[in-house]
Structure formats: C-alpha cells, structure tokens
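Look at the predicted model below alongside its sequence.

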Amino acid sequence: MDTIAAGNQTGTLEANSIKAGLKNKLIWTMLGVGALPLILAMILSYLQGTKSLQGVIGASFKALAYETSTKIDLLIQGEIIAHDRLSADKIFQDSILQSHQRLHFLDSTQRERVLAQEKADWGNTNQNTKSLHFEESSKVLKNFLQRKTPSALATRALFITDSYGVLRGSINSFPEFITKNNPATEKILSGEKVFIGSIYDHPKSDTPLVQFAFPIHGKNGKPIGILHHIFDARELFSGSIEPITFGETGHVMLIDSKGVVIDCPILPTGFQLSDPFLVQSVTKNNPDWVKIKGDGHGGKDLSIIGFSPLTLTRNITTPSTRNDWYTFAWQSSDELFAPMNKLFLWISTAGVVSVLLIGFMGSVAAKKIVQPIRRLQNAASRIGKGEKVSPLVIKTGDEIEALADEVNSMNEMLQKSFSGLESQVLKKTQEFRFLKEYTDSILMSVPDAVVIFGPDLKIEYCNVAFENIIGKKFSSLLGESLLSLDPDPTKPWRTLHDTLRNDLENMQPVSTKTLGNQTIQCYTAKDPLSPKESPSLQSLQRTIKLDEKVFAFKVFDLVIQEGSEKHIGLLLRDVTEEVDLHDQLALAEKLSGLGTLTAGIAHELNNPLLSIMGFTEVILDEKDPEKIKKYAKKVFDRSKHMSSVILNMSGYARASSTADKKEVNVNERIDAAIEIALLASYSNDIILDKKFSPLPPIFAKPEEIQQVFLNLLTNAVQAMEGKGKLAITTQSKNGNVIVNISDTGPGIPQKYLSKIYDPFFTTKEQGKGTGLGLNIVHQLVVKYGGHIDVSSSLGNGTTFKVMFPAHQ
C-alpha cells in the first residue's frame, strides 16, 4: 500500500508539472500573439519618431546655421564696401606718393637714416612727438571710426602702409613703424582686392585678433599702399553670434576650417577643437546637418549639429589663407534628446502595462481551459494504473467535452479487457522462463567457452567451459574484467582484453531507429558458432596459449535488447590438436620436396667438387709456394659454397617446433630461400631482380619465415617453368616490413584466387603438388600478425605482397 501511495504521489507531482506547463504555454502563447506585435509596433514607432524628430532638429539647426552665416556674410560685405570707399580717399594717395617722392631722391644710406629717425620718433612714448598722429591720413582714419558701428567698437588698430611696409598713418601706436612679413601686404600687392586673415594672437592684445586689408591704388590703378584694419575677433562677431541661443545650452558658434573657434558663447576665441573627424564633418561646402559622436565642447555623447559655410566670405578667405569660416549650431545631448527620452519612457510604460494586462487576461483564459484538461489527465492516470474510474461529466460544448466522452468509452473497453489479462500475463511469464532456461542449458552444454562482456568490458555471463578454464565459478566472475582476475600467465589474458577493447571501440551501428525524440543505434548480433563462408577462412583465427594448450579465440558483437548499449562476446575453442596437425602437415610439405631438392643439391655440389679435385691434383705437383697458396684459396672458396648449400638444406629440413622465436632479418631469410628455390629449378634461365632495403627485424622463428618465402619462390619458379624474371623487393613502411615477390608466369585464373589458401587446393598435376604450400604460408603469416595479398593477371604473371609487423 505504501508503494501504491508513493506511486500515486509521484504521478500527482508529474501531473501538476504537466498542468503547470500547459497553463504557462497558453499564457506565453497569448503574450506572444498579443504583446509581441504591440511591443514591436511601439519599438518601430519609437524608432520612426526618433528618426523624424532628429530630422526636424537637424533641419532646424541647419537653417539656424545658414541664417547666421548669411548675417555674418552681410556684416563682412558691409565692412568691405565701407573700407573700399575709405581706401579710395585721395589723402591716402597723396600721403603715400609724397613719402615715395621724398625717399626716391635719397641714396640708400640717407634713406635708411631717415627711416631710422622716423622709426625712433614713432617709438617715443611722448605722443606729441609722433607726427604721424597729426598727419591728414591719420585724421581721416580717426574720422572713419566715428561711425560707432560694431566694427568700430571692435577695432584694435587702423593704419595705412606704403608698398615698402612703412607706416604712413594710424589711429594709435598699435602697429609697428615698419611692417615685415605681413601676409596681407604680399597678397594685396599681388593683386587681391580684399584680404581677410586667420585668427592670431598679438603681444599687445589680450584677445585673439583678425586682420582685414584693402589696396590703396595710385593714379595708374596699381596698388601703392595697404589699408589695414585689425579687429578683436570675438567683439567683431559677438553681436551676430552670441544673442542666438535656444534652450539652456543651444547656441551658434563661428569656426574656421581648421577647427579654431572665432566666436562662441561658451568656448574662448582661438580654442582648437580636438576632434578632427568632427571638424571635417562640419566644414563642408554646403549647408547641412550631421549626427555624430562628440560636440566640440568636450562631450563624447551623440550630438546633432547644423553647419553652414560663409559663402560670400569664402570667396575672400580661400585665396587669402585657404582657411574658410563656418557657422556651427549645437545643443547639449542631455537637453537635445530629452523629448526623445521622455517619448521612450512613455512608450516603455505603456508597453509594460499592456503586457501585464495581456498576461492577466491570458491567465484567466488559461485557467478555464486547463481545469477540464486536469480532470481528464487525472482520470487517464488512474485508468493507466488499473483503477476503476467513474464516468467523467464535462460540459464545455467543445473538443474537450468530446475528448471526455472518448476517455469514458476507452475506460469501459479497458475494464472489459483487464478481466482476461492476468491469465495471459501468467502464461507469457512461464513461456519466458522456459525460453531462458532452455537457452542457458544450450550455452552450458557447448564445449567452447562463451563469455559476454558489457560496455565497460566487465563479465556479464559465462558458461561452464569458461569456468573450467579460469578455475572459478560464475558468481565470483560476475562484474569483473579479465585483468582483474589476477590470471597467470598475464600476457595471453592481456591480449584478449586488448582485442575486446579494440573491437568494442570499432563496432559500428548498422542502422538507426527513431523512438519519440530519441535516436536508437541498432547493432546486428552475430552467431559465433555459425560456419564460415569458406573453409579457408578458418586460417584467420587468432590463438593464445594457456597451460600448454592452444586456444583459438573470436570476438563477436551482439544486442541484449533493442536500444541497449553495445555488448561484446568472446568465444574460446581448444585447438591444440589442430595446431599439432598443422605442424605435422608443414613438415610433410617440406619433406615432400626433398626428392626434387636433393637432386638439385647433388647437381649444385658436383661442379665445386670437381673443381676441388682438379685444384688438389695441381697442388700435389706444384712446387711454387705462391701458386700452391692461390690454388688452396680456390679449394677453400669451393668448400665454403658447398657448406652454404648443405647449411640451407639442413635449416629447411629442420622441424620448426624445436626452434625458439628471436629477431629475424627478413633479407637474410629471403636470400637463403632463393638459393634453395633456384637449386630445385635445374635452370639458369631465370633472371633474378633483387631490390632490398635496410629492414628492421621481426620477431619469429627463422625457419618458419624462411619456409614462407621458400614456398612463394618455389611456386613462382615452377610457374615460369625455368624461364622468366623473378623480382623481389623489400621495404620498411609505417612500422611494417613489406616484401613483394613477382613472377612472369602465366598468372592465376580469377576464379581460383579466392581458393588458393584452402588446404589441399592445387592446380598442378597429380604427384607434383600437395596443395598445402600456400595454406601453410597463410597460416604462418597470420601467426606472426602479418598479412598477405595476391594480385594476378592471366598472361602477365602473379605478385604476392607479404607484410610483417616490425619488432619494437
């Protein structure tokens, strides 16, 4: 009862989670459908409104900057007109011409003396001694300033100079008597009608100044002097700039193309704007406005700036200094964007209130929808647990009411079906137990050892045969790995464990199935006891040695149930008798060729033996010690050759089972096999092409490795019938020793290539072959972890490729 109660409680919690999820989904759906478009519309409205408002502000600033630039243009043009009239005064012409005539008749020394005296008089602090102040030209200049205009009030100096830069009239002592390196003098004398200079500082003025200059023409129309008017830059334009304010911070300023402030209500005249990008953006040829980071007043916020060049003045400043003037309308970002921020606040507040209202309405609507669904879910949960449930009464007049009627019908049908279900479950349970016991009895009676491992290579099942091999019961083996059993010796069990791990990692699913939202990988189980496709494949089995017995082992994959993790099985079979039989067959194969080999050896030994006899007779009759020594050496060489032939013969005939494994030089074994194979051919018409590379050793029995290559070479020699080319190459690659043996024989038919390794398969005539040669080659190559491939084409010969792992 406690278990049932716990199950009911768990089901209730799951149901509440599902119900809460449905209600939340409905609420979020309503929010998505209702609030999302509203929020998007508000955002778009705000962005569009902000863009429009910025456009209006920018256009207003542009118009204000243009209006101010026009006003300053008119101010400057008025000054130019007034100064043009002033510079045409005849008194200025007469004063400059008289000075020129007076100096013209003096030599250079006298001229310098006179000018030096006049300069000294001008520098005297006593105004009464400065005669220039009382000349007619100075009076005209002073009368000109009686206009009381803004330009008159902003005047710091008004004077005239001749073409030599010598002062010829001034309203005050501000100018130097002789002006040198004045850009205005150069420009005016070169033909400019008006000069307007850049803002500059002067030691006699606390504020930056700006210079206007106009030509004084002689009777021939050429300039003979210059009218200079120096203004306080800020005071000159403050009447046109500083009264223009809007809001608390909005104002207009006048700058030049280098970013130097000429007049600004906030920044001092002569201040250099620090942002070159800002200066470049607001000093363009046509009136416009920009939205830019920075404001020229030290701020880095986004700003909207209207600007306009002084179009009329530009015709003068460009040839004068190439430094044009611009008006610049600006307002602080905080004040400028305050309406936009207020608009954003109102839109945000409206959006939040709208979302809350939509969420509340969605919650109310979801509650009315979810409550009937909750009743349906609870009823379905109880039906699923086998409880009796009263018919549901739901009157909603929609699909939910129809679903309740379907649940009632299903409940009635299930109640009828449950009555006979228990007996069917009992019957199926008995059948399952019988099948399990039947399967266990089959596996227990199999003479081969069978072990099943889980994904972690821990033992999950084994039969009696494996218990007998390991010497332990299944209960002590369950959940253990092969290496954790402390086996003795360790090496063969380590080999089995590594093989299982590699096969498990390389196991690939043959298909996938989709169950719900999960993808299941399917593995096909293989029957390890099923026969092979070809008898020759029996030679592919791997072996280990345990307690003087040889076991062939095979790894197979299987699936315990659909969707489960990968499992792997191990089959061990006692093949001790088969291995002994194989060794006997290999020895028989060797001995079967001894007859032919003996005849070849007799032929090979006869020639050196005759030579030895001949040289011995000569030695007996020879008296010269040097010749005796020479003939004796020849006898020794022939004896060594005969010894080598006999040594190879004895190594070939020796039983391999008596030898031990050691490091083997494959090149040496091939050379020994070549000598024996060619001895048996009775022919000198075989062209031998050897290309041996330095090789690492392999670990094996030397006699067995020699037998591998002897069988392959003998087949090649026999296939060529004593005439042709035998090519042998060796190389080391990727930790393996690779040998290629090619002949120019007739080749092997395609239909026989899959059978050449089968025992007792041969295409030779009866009595000329046992059919065991290539079978033994294959067995030995696989025995030492190697691999053999064959490629053949009728009429073009055959190539065998043998690969052994190098000994580490």
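Threonine 317 has a relative accessibility of 0%, so it counts as buried; buried means under 20% relative accessible area, exposed over 50%, and partly exposed in between, with a 1.4 Å probe and protein chains only. This residue sits in helix H9, which spans residues 311-321. Helices (H or I, at least four residues) and strands (E, at least two) are DSSP runs numbered from the N terminus. Leaving out residues up to four places away in sequence, threonine 317 touches Ile196, Arg322, Asn323, Asp324 and Trp325, where contact means heavy atoms within 4.5 Å. The buried residues in H9 are Thr313, Arg314, Ile316, Thr317 and Ser320. An α-helix has 3.6 residues a turn, so residues three or four places apart point the same way. After H9 comes arginine 322, with a positive phi near 55°.

The model is predicted: local features need pLDDT of at least 70, side-chain atom pairs count only at pLDDT 80 or more, and totals for chains, interfaces and linings use all residues. Residues are numbered from 1 along each chain as its sequence is written, and side-chain values use heavy atoms, with hydrogens and water left out.

The chain as a whole has 22 helices and 25 strands. Of its 808 residues, 40% count as buried. Its accessible surface comes to about 45,800 Å², and 56% of that belongs to carbon and sulfur atoms; the areas come from the Shrake-Rupley method with a 1.4 Å probe, and for residues only the protein chains shown count as cover. Among contacts between residues at least 6 apart in sequence, 62% join residues at least 24 apart.

Aspartate 84 belongs to helix H1 and is partly exposed because its relative accessibility is 35%. Glycine 299 is found in the loop between strand E9 (288-293) and strand E10 (302-309). With 24% relative accessibility, glycine 299 also counts as partly exposed. Between the C-alpha atoms of glycine 299 and serine 332 the distance is 8.5 Å, for 33 residues along the chain.

In soluble globular proteins, nonpolar side chains tend to be buried together.

Next come the sheets. Strand E1 (residues 155-162) is joined to E2 by three bridges, and threonine 161 stands opposite leucine 167 in E2.

Strand E18 (residues 567-574) is largely enclosed by the rest of the structure, because six of its eight residues are buried. Strand E12 (residues 449-453) runs antiparallel to E18 and is joined to it by five bridges; isoleucine 452 has glycine 569 as its bridge partner in E18. Strand E17 (residues 549-558) pairs with E18 in the antiparallel sense over eight bridges, with leucine 558 opposite histidine 567.

Another open sheet of five strands has the order E20-E22-E23-E25-E24 and mixed pairing. Its edges are strand E20 (685-691) and strand E24 (787-793), each with a single partner strand. E24 pairs antiparallel with strand E25 (residues 797-805) over seven bridges, and isoleucine 788 stands opposite valine 802 in E25.

How many disulfides are found in the whole structure? The search finds zero, a disulfide being a pair of cysteine sulfur atoms within 2.5 Å. Cysteine 264 is buried at 0% relative accessibility, and cysteine 462 is buried with a relative accessible area of 1%.

Methods: Pairing = 2+ DSSP bridges.
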